[in-house]
Amino acid sequence: EPLIEVPATVKDAEAEASSAAKAGDETGTEAALEKRKGALQDWDAKKARVKLLNITLMPLLLLLFGVIRWQVRKQKRSKIAL
């Protein structure tokens with residue numbers, strides 16, 4: 001796993017669940033665990049988006065750079081007069 005800091009929403013939901021569990025509030029604990037589950041799903045979706053960007057965007061930028069450089073060199077070669 002990459003070292004991405006755990007969002008505050010997940011930490012807050014975990015703290016809320018543990019405090020409700022200590023107080024003996026079963027419904028509060030279940031609600032907090034559902035909130036934590038939703039926050040974890042959001043966090044996993046964000047990690048997936050970042051991963052997709054890293055996998056697709058970086059090679060596309062490199063490809064774009066190569067195509068631009070190729071076109072610039074092609075234009076320079078066509079302007080050379082012998």
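With that, I read Glu16 as partly exposed, because its relative accessibility is 34%.

**Ground rules**

I am working on a predicted model, in which local features need pLDDT of at least 70, side-chain atom pairs count only at pLDDT 80 or more, and totals for chains, interfaces and linings use all residues. I number residues from 1 along each chain as its sequence is written, and side-chain values use heavy atoms, with hydrogens and water left out.

**Overall form**

I looked up the secondary structure and found 2 helices and 0 strands. The radius of gyration of the protein is 25 Å, well over the 12 Å that the globule rule gives for 82 residues, so the protein is more spread out than a compact globule. For the record, this radius is taken over C-alpha atoms, and the globule rule is 2.2 Å times the number of residues to the power 0.38. I also noted the span of the C-alpha trace along its principal axes, about 90 × 15 × 15 Å.

Helices here are DSSP runs of H or I with at least four residues, strands are runs of E with at least two, and both are numbered from the N terminus.

I then took the surface totals. The accessible surface of the protein comes to about 7100 Å², and carbon and sulfur atoms hold 63% of it. These areas come from the Shrake-Rupley method with a 1.4 Å probe; for residues, only the protein chains shown count as cover. Buried residues make up 12% of the 82 residues.

**Salt bridges**

I searched the whole structure for salt bridges (a side-chain nitrogen of Lys or Arg within 4 Å of a carboxyl oxygen of Asp or Glu). The search gave 3.

I began with Arg36 and Glu14, whose closest N and O atoms are 3.0 Å apart. Arg36 lies in helix α2 and Glu14 in helix α1 (residues 8-23), so this pair ties together parts that are 22 residues apart in sequence. Arg36 is partly exposed at 28% relative accessible area, and Glu14 is partly exposed at 35%.

Next I took Glu16 and Lys35, with closest N and O atoms 3.3 Å apart. Because Glu16 lies in helix α1 and Lys35 in helix α2, the pair ties together parts that are 19 residues apart in sequence. Lys35 is partly exposed, with a relative accessible area of 45%.

The side chains of Asp44 and Lys47 also meet in a salt bridge, at 3.5 Å from N to O. These two are 3 residues apart in helix α2, so about one helical turn separates them. I checked both for cover: Asp44 is partly exposed at 41%, whereas Lys47 is buried at 18%.

**Charge**

I counted 15 positive and 11 negative side chains, with the centres of the two sets 27 Å apart. Lys and Arg count as positive and Asp and Glu as negative, while His and the chain ends are not counted. The place of a charge is NZ of Lys, CZ of Arg, CG of Asp or CD of Glu.

**Surface patches**

I used patches built from residues with over 30% relative accessible area and no salt bridge, joining like charges within 9 Å and nonpolar side chains (Val, Leu, Ile, Met, Phe, Trp, Tyr) within 5 Å.

- The negative patch gathers Asp25, Glu26, Glu30 and Glu34. Glu26 sits in helix α2 and is exposed at 57%.
- The positive patch is formed by Arg69, Arg73, Lys74, Lys76 and Arg77. Arg77 is in helix α2 and counts as exposed at 54%.
- The nonpolar patch, about 630 Å², is made by Leu53, Leu57, Met58, Leu61, Leu64, Ile68 and Val72. Val72 lies in helix α2 (residues 26-79) and is partly exposed at 41%.

**Distances from Ala17**

I looked up two C-alpha separations. Thr27 and Ala17 are 10 residues apart along the chain and 10.0 Å apart. Lys51 and Ala17 are 34 residues apart in sequence and 30 Å apart in space. Thr27 lies in helix α2 and is exposed at 60%. Lys51 is found in helix α2 and is exposed at 55%.

Technical notes
Buried means under 20% relative accessible area, exposed over 50%, partly exposed in between (1.4 Å probe, protein chains only).
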